[in-house]
Amino acid sequence: APINMQRLANGNTLVACFVGQKVIEIRPDGSTEWEITIKGGPVDVRRLDNGRTLVTLHQPDGRVVEIDRQGAVQWELKNLQMPMTAQRLENGHTLVAEYGGRVAEWSRNREILWQATGLQMPYSAERLSNGNTLISHQVGVRELDATGKVIWQKQIANVRHATRF
């Protein structure tokens, strides 16, 4: 049950498999480059610049983990409220959308540096190049500035992911 994917610069595709509890890297010819079993229901996966992989685990206790090629956890956030997506930011922090109603920017020391709360089931969050944050949640899409002020919003039910180009 693939639930999220990322096309890598080398042409491979990184896949989060929720039901299978796996993260798989697939070559363009369909063969497997890399595969790891990871408990917790992977719902989002992103290859980092350092070669490690950032995996969002939905269940049972809600975690975001950074794993190496062998699957060893090198960094993690625990006890999140059903995390849906995680993005490693250029400053090394991690932006996490939690289905429980929060989007937060976490430091490497696991401290919340910025957050938006009271959202209706956020599915995804993306930090934009202008510093704003684009959030998709159950009732639509909104863009927040660094102070949390709504800059733009569009009500559309159940948008799972939005990207600004």
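This is a predicted model: local features need pLDDT of at least 70, side-chain atom pairs count only at pLDDT 80 or more; totals for chains, interfaces and linings use all residues.
Residues are numbered from 1 along each chain as its sequence is written, while side-chain values use heavy atoms, with hydrogens and water left out.

**Exercise 1. Describe the open sheet that contains E1, E2, E3 and E4.**

Solution. Begin with the terms: strands are DSSP runs of E with at least two residues, numbered from the N terminus, and two strands pair if DSSP finds at least two bridges between them. The open sheet has 4 strands in the order E1-E2-E3-E4, and the pairing is antiparallel. At its edges stand strand E1 (2–7) and strand E4 (32–37), each of which has a single partner strand, so one side of each is left without a neighbour in the sheet. Neighbouring strands of this sheet are turned against each other by 15° on average, direction ignored; the axes behind this angle are lines fitted to C-alpha atoms, and angles in general run from 0 to 180 degrees between N-to-C directions. As a detail, E1 and strand E2 (residues 13–17) pair in the antiparallel sense over 5 bridges, and the bridge partner of Met5 in E2 is Val15.

**Exercise 2. Work out how strand E7 (residues 63–67) is enclosed, and which strands pair with E7.**

Solution. First settle the wording: buried means under 20% relative accessible area, exposed means over 50%, and partly exposed lies in between, with a 1.4 Å probe and protein chains only. In E7, 5 of the 5 residues are buried, so the strand is largely enclosed by the rest of the structure.

Then turn to the partners. Strand E6 (residues 53–57) pairs with E7 in the antiparallel sense over 5 bridges, with Val55 having Val65 as its bridge partner in E7. The hairpin of E6 and E7 has 5 residues between the strands, and Gly62 takes a positive phi near 65° there. E7 also pairs with strand E8 (residues 73–77), in the antiparallel sense over 4 bridges, and Val64 stands opposite Leu77 in E8. In the hairpin of E7 and E8, with 5 residues between the strands, Gly71 takes a positive phi near 90°.

**Exercise 3. Trace the pairing of strand E15 (residues 140–144) with E14 and E16.**

Solution. In E15, 4 of the 5 residues are buried, so this strand is largely enclosed by the rest of the structure. Strand E14 (residues 133–137) is joined to E15 by 5 bridges and the two run antiparallel; the hairpin between them passes through 2 residues, and His137 has Gly140 as its bridge partner in E15. Then, 5 bridges join E15 to strand E16 (residues 150–155), again in an antiparallel run, with Lys154 in E16 as the bridge partner of Val141. The hairpin of E15 and E16 has 5 residues between them, and Gly148 in the turn has a positive phi of about 95°.
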